[in-house]
Amino acid sequence: MTGRIAAILVALACMTIGAGAAPAATFAADSFTLPNGLQVAVIPNHRAPIVSQMVWYKVGGADEPRGVSGIAHFLEHLMFRGTKNVAPGEFSRIVADNGGHENAFTTHDETAFYQDVAADRLETVMRLEADRMANLDIKDETLLPERQVIIEERHMRVDNNPMGLFRQALDAALYLNHPYRIPVIGWPQEMSVLTSAEARDFYRTWYAPNNAVLVISGDVDPTRVKALAEKYFGPIPGHPVPKRARASEPPRVASETLTMKSPRVTEPSWLRAYLAPSYTSGAREQAYALQVLAEVLGGGDTSRLYKELVVDKKLALNAAAYYDPTSLDLASFGLYATVAKGVAVEDMQAAMVRLVGETLRDGVAPAEVARAEKRMQAESLYAQDSLDGLGESVGAALAAGRTVKDVQEWPERIGAVTVDQVNAALRAVVRDDKSVTGILLPEPTS
Amino acid sequence: MRIAPALAVIGLVALFGAPAHAFEIKQVTSPGGITAWLVEDHTLPIVSMQLGFIGGSANDPPDKPGLANFTFDLLDEGAGALDATAFKGRLEDLAASYDLSVDNDLLNVSLRTLSANFGPALDLVHSSLTEPTFSDQAVARVRGQLVASLERAAHEPHSIANRLWWNQEMPGHPYGVPGRGTPGSVARITSDDLRGFVRGRLAKDVLLIGVVGDITAQELAPLLDKTFGALPAHAAPSAVIEAAPRVTPELLLATLPIPQSVVVFGQPGIKRADPDWYAAYLVMHVLGGGGLTSRLSLEVREKRGLAYNVYAGLEPLLHGGVIQGGVATENARVGESIDLIRAEWRRMRDQGPNAAELAAAKTYLTGSFPLGLDSTLRVAELLVIMQRDHLGLDYLSRRNALINGVSVADARRVARKLLDPDALIFTVVGAPENLKGARAVEPTGG
């Protein structure tokens, strides 16, 4: 639930966990920039003869023009529908014929594409990925069925799911002015009229080597990767890319509560969200302390919220806290609970508010902080136990203008967070007079 | 960790590509006669262990479906001298993840921890499998969480469609009953039932063990006796009969006011040990395998934009196999998706895959296999599956030949024998328009 899911890893000098000490585990990465501006990171990992290629574009849903919501994600889909050199569907067919996995995703801040393949197939997927960086060919006959696909994707993820709909309403309430209030998938009435001209314009504006990051991780030699990157991505000319000038948030002066009822909801859910700093926005120095705070308050079954509200008071079925520091602009810190059967939402909320109030008054305890930090540091070691874990963390950091070192030093920085810093971050961010509360309720069917 | 005396190490098999990347599976037998499969990997200071107890939710008493699942939800909720919070706190202090889950035919336990903490973590596993507390408080709390989760699933379209489908496909067999039970059946389960389950099912003669990571055979062997030696020698006899999947078609509709209809479909399949397994696996990959390149995906998604995702594949169960697939399409056009699936099913039955499709499926299924083995836990899971399916220690060195040995004639013969468009059962949840010939059922029924 906390930011450690997104922000991971490594270079553990020598950490001690529980009963035993873990030997040092380091991860090395090479990074360089091609003359056309493409940033490249290489993370060698020789456990298996496989490689992962990721290309991250520094553009996402929050960079869309007003009124064309969903165009960033739509363009992500259209990147699979053919270029001047590769026919529609051909990209996926070549990857599959080479035994590869592929996919892509779009967030408010970035659009990323990846392939996992046998290490000796890297050149093939690099040639394909470089080709679609410059040569995308958007045609109406492929665009129209793909627009239906994203509408079906929205139905599946959001419209068929009351909590999906409610979360969109909550984001729109939490962010008064910043485009994080608009869903990445898009508002339905705008998605259904997206055009090829809008997709082409977005592509030409933002997709350029100087606005992208290439991350190669796996069983590779950095020198060879550099030669391949120069051969395939090197010839693509850069071009000026606009500054990401997003509308900013005004000071929040009021709290707000949203309520939604649905016959497809079976037990009430309660959420409260607060605007919070991220690694790159607001009081950045609090981003590490807030991750520790989320772990202490609501990171699992031994956390304060779970012990008090679920185990002891039996007012909730589940309770957790969440915080993701990786957003480019202001993040959110949140508390969440599902209400136990026969308990009034107001009673659960009152207990939650009392518990948070006590924590604000008395602060968190040194032992809680030490335990949370150890656990989070161990998670960073486990993130190395996969092909993609490191590449995703490094790619996300570079795409947000952060560095490989930021990722490498994450465990140290988490370990350096003090009790006072956690309490200061708590008091700065958890302000009920500036919060948005959501209550999702069952609606009895007659 | 102390080094134990040398012990029986029976098989050694080299795997996968160049020697630098080969990994070997060792069969380790403890002094007490407990066998585990082990892959040593000292890259990171971590160990993963997967356990499989043969006999899953299909073994639940007919009047108490959900017993296995409920028991497994409680195995980390207090054991030995530790209550639920203390047990979980101890796991956290050891930086260990401990996951328990239940399939139709298998009870799954997975542990990942730092290698320095593996011994102490196994003490917790031992305690959890042999002396779980089942305190009234934990039982009541977990029962509440489980019932809420079942009630939520009873309103979730895909869960409804899936439950209705299994009920139609496997009439009168435990496979046709929800493995997690119902709110009513979970309410009937007593502490005595839970204790009886642990005594009767968690036994040495049904236990399969896979271990991967920073540990040697000599270190592992004595730990096997310490952890599992006290389990009962024999599990209670299994009363699960062979399944007789239904061979007549059906189209069921459960009406729910949502914008997109969710569909589950399928027909009888084959078991893993079937001599035609590899041909069937290839045929189903061409028809409905993952990614965007299958025939179903091309017709339903790529050409017409009818769905974000459409798939179909083999699901081999211990007592009878099925083929199952899924799709979700806007209400106005779901009938079109169903017609296309039937037509593609018929075309594949009549003509089989062509040579190019079969060749592409072979390169994909051989090439992509190592991509799924990038973490210690995933390899440990594979070791258990290989033991369950009696594939042999040398299976990974034979797998490519088994796949590549399937001829176009084999694939055509198996497609004709296996696929039956006139036996397809479809269950639809939503508010479809123009869906002809559907039999209406209650979303909560069946």
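Predicted model: local features only at pLDDT ≥ 70, side-chain atom pairs only at ≥ 80, totals over all residues.
How many residues of domain 1 of chain A are in contact with residues of domain 2 of chain A?

Residues are numbered from 1 along each chain as its sequence is written, and chains are lettered from A and ligands numbered from 1 in the order in which they are written.

Let me begin with chain A as a whole. Chain A contains 16 helices and 13 strands; these are DSSP runs, H or I of at least four residues for helices and E of at least two for strands, numbered from the N terminus. A compact globule of 446 residues would have a radius of gyration near 22 Å, and the 23 Å of chain A agrees with that. The radius is taken over C-alpha atoms, and the globule rule is 2.2 Å times the number of residues to the power 0.38. Along the principal axes, the C-alpha atoms of chain A fill a box of roughly 65 × 60 × 40 Å. Of its 446 residues, 54% count as buried. A residue is buried if 20 or more other C-beta atoms lie within 10 Å of its own, exposed if 12 or fewer, and partly exposed in between, with C-beta atoms placed from the backbone.

I turn now to the domains. Chain A is assigned domain 1 (20-232) and domain 2 (256-442), the bounds coming from an automatic or database domain assignment. Their C-alpha centres lie 28 Å apart. To answer the opening question, 31 residues of domain 1 of chain A are in contact with 31 residues of domain 2 of chain A, contact being defined as C-beta atoms, placed from the backbone, within 7 Å. On the domain 1 side, β4 (39-44), β5 (50-57), β7, α5 (162-174) and β8 (212-218) of chain A each supply at least two residues. The most comes from α5(A), with 7 residues. By class, this side has 20 nonpolar, 7 polar and 4 charged residues. Here Ala, Val, Leu, Ile, Met, Phe, Trp, Tyr, Cys and Pro count as nonpolar, Asp, Glu, Lys and Arg as charged, and the others, Gly among them, as polar.

In β8(A), 7 of its 7 residues are buried. In a regular strand the side chains alternate between the two faces of the sheet. Here A:A212, A:L214, A:I216 and A:G218 point one way, A:V213, A:V215 and A:S217 point the other way, and all are buried. With β4(A), β8(A) runs parallel over 6 bridges, strands being paired if DSSP finds at least two bridges between them. A:P44 has A:G218 as its bridge partner. With β5(A), the pairing of β8(A) is antiparallel, over 7 bridges, and there A:S52 is partnered by A:S217.

Next, the interface between the chains. Contacts link 58 residues of chain A with 56 residues of chain B. On the chain A side, α4(A) gives the largest share, 10 residues. That side divides into 23 nonpolar, 16 polar and 19 charged residues.

In chain B, an open sheet of 6 strands has the order β12-β13-β11-β14-β10-β15, with mixed pairing. Why is one side of β12 (310-315) and of β15 of chain B left without a neighbour in the sheet? Both stand at the edges, each with a single partner strand, so one side of each has no neighbour there. The twist averages 20° from one strand to the next; axes are lines fitted to C-alpha atoms, for helices over the stretch in contact, and angles run from 0 to 180 degrees between N-to-C directions. Within the sheet, β10 (residues 250-255) of chain B runs parallel to β14(B), joined by 6 bridges, and B:L253 has B:V428 as its bridge partner. From chain A, α4(A) packs on this sheet, touching β11 (260-268) and β13 (322-330) of chain B, at about 100° to the direction of β13(B).

B:F134, with phi of about 50°, lies in the loop between α3 (118-130) and α4 (136-153) of chain B. B:N434, at about 55°, lies in the loop between β14 (425-430) and β15 (439-441) of chain B. Which of the two, B:F134 or B:N434, is buried and which exposed? B:F134 is buried, with 20 other C-beta atoms within 10 Å, whereas B:N434 counts as exposed, with 10 C-beta neighbours inside 10 Å.

Conventions:
Contact = placed C-beta atoms within 7 Å.
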